[in-house]
Amino acid sequence: MCTNYFVADYENPISPEILRVVASRVNPNDRNDHLLLPPESEDVGPYESPLPRDVSGLETYVPAYLNMSHIRRLAMLVA
């Protein structure tokens, strides 16, 4: 991880102190994937579908400068 780290133009570089701490915690024979944080132990339940909600109205405004004739026609049908 430390040797493959390159700073992008849009981000602040990671300080050398942090890189040293990370490098000190690396054990070449350790097969665990958690380097800095322990793995989460909470059981995650199945995905729950949200309840349906009432839609009171749709926003049908389409700016005139947008060339979206199909969307504009659909908005007129809904209104």
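Student: What does the secondary structure of the chain come to, and how many of its residues count as buried?

Tutor: In this predicted model, the chain comes to two helices and zero strands, and of its 79 residues 5% count as buried. The accessible surface of the chain is about 8,300 Å², and carbon and sulfur atoms account for 56% of that surface.

Student: Which residues form a nonpolar patch on the surface?

Tutor: The patch consists of Tyr65, Leu66, Met68, Ile71, Leu74 and Leu77, which together have about 650 Å² of accessible area.

Student: Why does Leu77 count as exposed?

Tutor: Exposed means over 50% relative accessible area, and Leu77 is exposed because its value is 69%. Leu77 is found in helix H2, and its C-alpha is 9.5 Å from that of Thr60, although 17 residues separate Leu77 and Thr60 in sequence.

Terms used:
Residues numbered from 1 in each chain as written. Predicted model: local features only at pLDDT ≥ 70, side-chain atom pairs only at ≥ 80, totals over all residues. Heavy atoms only, no water. Patch = residues over 30% accessible without salt bridge, like charges linked within 9 Å, V, L, I, M, F, W, Y side chains within 5 Å. Areas by Shrake-Rupley, 256 points an atom, 1.4 Å probe, with all protein chains shown as cover. Salt bridge = Lys/Arg side-chain N within 4 Å of Asp/Glu carboxyl O. Helix = DSSP H or I, 4+ residues; strand = E, 2+ residues; numbered from the N terminus. Buried < 20%, exposed > 50% of the residue type's maximum accessible area, 1.4 Å probe, protein only.
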